[in-house]
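Biologist: I would like to go through this model with you. Could we begin with the overall picture and then turn to individual residues?

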Amino acid sequence: MPTTALISTQALRRFASQAGYINYTEIFNPQENKDRHGDYLDPEEGINYEIGFKSTFFDGLLNTV
């Protein structure tokens, strides 16, 4: 079984183009709505981290993330 996995990996390398990526995003969205006392709501805040690989197979016919 390990031999089959090795052959599959080598075959994918021949037909695939891969790139790694890292994405960091800070989110700040002020609110225009007010609460029942007339005060503005707190802004929406957040942080997003993303790490992954993008691949292209068969001359761009199949793209994966």
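Biologist: What share of the contacts in the protein chain with a separation of 6 or more comes from residues 24 or more positions apart?

Modeller: This is a predicted model. In the protein chain, residues 24 or more positions apart account for 45% of the contacts with a separation of 6 or more.

Biologist: Which elements does the chain have, and in what order do they run?

Modeller: The protein chain has 1 helix and 3 strands, and from the N terminus on they run α-β-β-β.

Biologist: How much of the chain counts as buried?

Modeller: Of its 65 residues, 6% count as buried. The accessible surface of the protein chain comes to about 6200 Å², and 54% of that surface belongs to carbon and sulfur atoms.

Biologist: Turning to Gln18, where is it placed?

Modeller: Gln18 lies in strand 1, which covers residues 16-29.

Biologist: Is Gln18 buried or exposed, and why?

Modeller: Gln18 counts as exposed because its relative accessibility is 58%, and the cut-off for exposed is over 50%.

Biologist: Which residues does Gln18 touch, leaving aside those up to four places away in sequence?

Modeller: Gln18 touches Lys54 and Ser55.

Biologist: Another topic: which residues form a nonpolar patch on the surface?

Modeller: Tyr24, Ile47 and Tyr49 form one, with about 380 Å² of accessible area together. Tyr24 is in strand 1, and at 44% relative accessibility Tyr24 counts as partly exposed.

Notes. Residues are numbered from 1 along each chain as its sequence is written. This is a predicted model: local features need pLDDT of at least 70, side-chain atom pairs count only at pLDDT 80 or more; totals for chains, interfaces and linings use all residues. Side-chain values use heavy atoms; hydrogens and water are left out. Helices (H or I, at least four residues) and strands (E, at least two) are DSSP runs, numbered from the N terminus. Buried means under 20% relative accessible area, exposed over 50%, partly exposed in between (1.4 Å probe, protein chains only). Contact means heavy atoms within 4.5 Å. Accessible areas come from the Shrake-Rupley method with a 1.4 Å probe; for residues, only the protein chains shown count as cover. Patches are made of residues with over 30% relative accessible area and no salt bridge: like charges are joined within 9 Å, nonpolar side chains (Val, Leu, Ile, Met, Phe, Trp, Tyr) within 5 Å. A salt bridge is a side-chain nitrogen of Lys or Arg within 4 Å of a carboxyl oxygen of Asp or Glu.
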